[in-house]
Amino acid sequence: MDNLGYVPESENNGHAFTISRGSAGTKQANVNDFLVEINSRFKPSKKLLYYRRSTFLLAALAILLLLVLIIILTSRSKWNPPSICTSSECIRSAANFKYSINFSADPCDDFYQFCCGKWSQGHPNHGWYSGFSTFTTVTEKIAIEAMEVLGEGVKDGEPTAVAQAKKLYESCLATDALDHLGLNPLYDVLSLTNLPLVPSFFNQTPSSGQFDWIKSEILLKLVLAMDVFIGFTVQPNLYRRNENVIPLKNNRWLSKQRKARSALEPMEDEESGDAREALRRKIRSDIFKHVTKYIMGNTSQEVAEENDLQKAADIINNITAYMDNLQENFTLPEGDYGEDETRRISFQKLQNLTDSNVRKPMPDFWINYISSLFETTNVTIDPHSDAFLITETELGYLWNVLDYVSSEPQMHIELYMWWSAVYAMIINTSSDLTSYIVKQTAIFYASSGSEDDPLYTRSRSLDCCDLVNKYMGWAVSYAVADKTFANKTKPKVEKMISDIKVAFIDHVRGIRWMDADTKKVTLEKSEEMLSFIGYPDWLFQEGALDRKYWGLEINETTYLSNMVSIIMQYSIETLTSLRLPNPRDWSTEATVVNAYNSFQDNAINIPMAILNFPLYDLGLEVLNYGSIGAILGHEFTHGFDNAGRKMDKYGNYIQWWSNKTIETFEEMTKCFVNQYDNYTLKGIAGHVKGKMTLGENLADNGGLNQAYTAYQRYIQKNGDEPKLPGFEQYSSDQMFFIAYGSIWCETLSMEDLKVQLEHDEHCPNSVRVVGTLQNSLDFAKAFQCPKNSKMNPERKKCRIW
């Protein structure tokens, strides 16, 4: 205040002070004698003794008041403890943490063990997954919800596509109908694809060698979307993403997506040695012989002798081994997507190159092949202007595979293609054959890879639900979607992404290793990045879903025929898209429990399914930012990792960073490569591959940093949040990191960990947690981890984003 002086009213002791703002030299009426000038209130010459006594009294009074104030504040803190969140969401999160955290573990020694040490006890693997994780628990939740909806039967007023999805589900469950139809649907498909009911190998005639493998290759792609020897697809142009082109299918750059590891397919283990490969050959042979004899027994064909069956099985195994080796020898190295060597070759020029590089003449091979594929569409192919996008490595593959197929006995090629088609379909026929194949292949799904492991099989209803979700995902998305999502959840996620984007932009503005021009275009790309959240806007527009599945016919009792109808429609739509514009759009269905960065769309996809507990809706924003926020940040950062940084703001492959910035960036990534190269797993030979996992590690580290900064902004704007019940002793920062560590809890077998170390571009989850947090000063500060502790190593902390 500007008070120049104050005096107590002598006649009204205890009343409020009277404030005097008069001149120091002016005596005001009704003011007592104690009012003095600003520099003195008393006249020392007359009242010195009174002055001293008053000073002591006032000092004592001040001390007394201070003590009273301290007592009051201390008492108040006891009377008003920190507020505790008692919502159902908070209680659920608290219980989840309580039964996952190993409180006896030191968070500064192994934070993954601290967060997830007890997770496996409370989340046992049912046995039919090779690995079980937090993400898997959400996947099961979504599957059960979808199963319940699909099992309700067709309802009046629902879209036709949803009704078709329910019919597809019903046909998958109808095992009696499958047994009644037997192999007839399979025979129909063999006829459609120019393949015999029984291979000519078992019924050799003078015409047996006249097999047209090219015709069957084309028809198998159209009918079953299967590429036996030659594979290509229709996808956005790497260099002009608004148009579509035809790349070879094994061009790994164009198919680059951030996908979850499949828990339903057996993982290949190249380190298992000759014994395991021999086992694979034996099981493949046994299945082939059993199925072939079954088919022969259901036709007029005499069942072949065991010796002939084994010869045929050996041929199939040998061709399989050759193709596997060819793929391995002509696959680009990890981390190399061939973008710098990809070139456009017209079909006419490719034909000329084929004539020069393949030993056996194949006149007009490519022109006939491509034209025949597209004749079912409204697309006319011009051999001079239309082209493949292809690399030198892929050209090498083509010359080798064409040489091999054209030089092998055509009877053998027919046998191999026949078995490829039959094995793809046989699991969807009679229950006897299905049970046999499941039993034979059980070892590849067992948690330890041992024949002694018990076989656990899921209910067919869940398997059928997965299949419907895979082939009619948007119809299932419509059926299970929360209609309030767009107004309730989506705005919150959009705000979180906005906060993360702001955090990233501020970080870019502050970094010194990037020049001004590169900073400018990097900021432009971050601003341009789209966010597809939940499900597309068109999903609930009148008639939109039915238009997507227009022309599809589904019958409740013809499961395999239903599948073929869906695949054929997909194949034709894919080919037709060659002449269509390529808008920036969703890359996945809403029921997928994952998140993606689509490089060529410069967009992140956050499906509705991943926005579920325990990844989201945790009751407190600190927990949401630490979990789903880190995931959002991860996907956002992918746009600027070692691969994403090569795509500009429109999704085109082009150099848009300066040479100097690229050199500096590449040098900085070595810190991460070296760090992750040093991680090993107990009981497993080898180590994490820092180069192979670089993109994911950059995204993990950057995503966590941006999510943490975004939460700090949230706190500054909205204030502190209540405490989680049972976790009152933990600060908000600590809870942020606990939420982060908890999303990566998983249970994996030793075999799966070996495969992951060798082949997966993601680190094992324990390494993802430890590696990321070892680089975080904020984590070390939150948990007061001493220097040179395991979680706060005394080395340079790696950071780019």
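How many helices and strands are there in the chain? The chain has 30 helices and eleven strands. The model is a predicted one. Each legend below takes one close-up.

**Figure 1. Overview of the chain.** Of the 801 residues, 51% count as buried. Take the contacts in the chain with a separation of 6 or more. Residues 24 or more positions apart account for 73% of these contacts.

**Figure 2. An open sheet of four strands, in the order 4-5-7-6.** The pairing in this sheet is mixed. Strand 4 (235-236) and strand 6 (343-346) are the edge strands, and each pairs on one side only. Strand 5 (residues 244-247) pairs with strand 7 (residues 387-390) in the parallel sense. Two bridges make that pairing. P247 has L389 of strand 7 as its bridge partner.

Figure 3. Two helices are shown here. Helix 12 (residues 347-357) packs on the sheet and touches strand 5, strand 6 and strand 7. The direction of helix 12 makes about 85 degrees with that of strand 6. Helix 14 (residues 392-407) lies across strand 6 and strand 7. Helix 14 runs at about 110 degrees to strand 7.

**Figure 4. An open sheet of three strands, in the order 8-10-9.** Strand 8 and strand 9 (596-598) stand at the edges. Each has a single partner strand, so one side of each is left without a neighbour in the sheet. From one strand to the next, the twist averages 20 degrees. Strand 8 and strand 10 run parallel and are joined by five bridges. In strand 10, I606 is the bridge partner of I533. Helix 20 packs on this sheet, touching strand 8 and strand 10. The direction of helix 20 makes about 150 degrees with that of strand 8.

**Figure 5. Helix 20 (residues 490-510) and its cover.** Helix 20 has 21 residues. From its first C-alpha to its last, helix 20 reaches 30 Å, close to the 30 Å expected at 1.5 Å a residue. Which residues of helix 20 are buried? They are K490, V493, M496, I497, D499, I500, K501, A503, F504, I505, H507 and V508.

**Figure 6. Helix 9 (residues 213-224) packed with helix 23 (residues 559-576).** The packing angle is about 110 degrees, and the axes are 6 Å apart. Helix 9 and helix 23 are therefore roughly perpendicular to each other. Helix 9 contributes K221, L222, V223 and L224 to the contact. Helix 23 contributes V564, I567, M568, S571 and L575. The residues of this contact divide into seven nonpolar, one polar and one charged.

**Figure 7. Helix 27 (residues 732-742) packed with helix 29 (residues 765-774).** Here the angle is about 145 degrees. The axes of helix 27 and helix 29 are 9 Å apart. From helix 27, F737, Y740 and G741 make the contact. From helix 29, R768, V769, T772 and L773 take part. The contact residues divide into four nonpolar, two polar and one charged.

How values were computed:
Residues numbered from 1 in each chain as written. Predicted model: local features only at pLDDT ≥ 70, side-chain atom pairs only at ≥ 80, totals over all residues. Heavy atoms only, no water. Pairing = 2+ DSSP bridges. Contact = heavy atoms within 4.5 Å. Axes fitted to C-alpha atoms, helices over the stretch in contact; angles between N-to-C directions. Parallel < 35°, antiparallel > 145°, perpendicular 65-115°, else oblique. Nonpolar A, V, L, I, M, F, W, Y, C, P; charged D, E, K, R; others polar. Expected span 1.5 Å × (residues − 1). Buried < 20%, exposed > 50% of the residue type's maximum accessible area, 1.4 Å probe, protein only.
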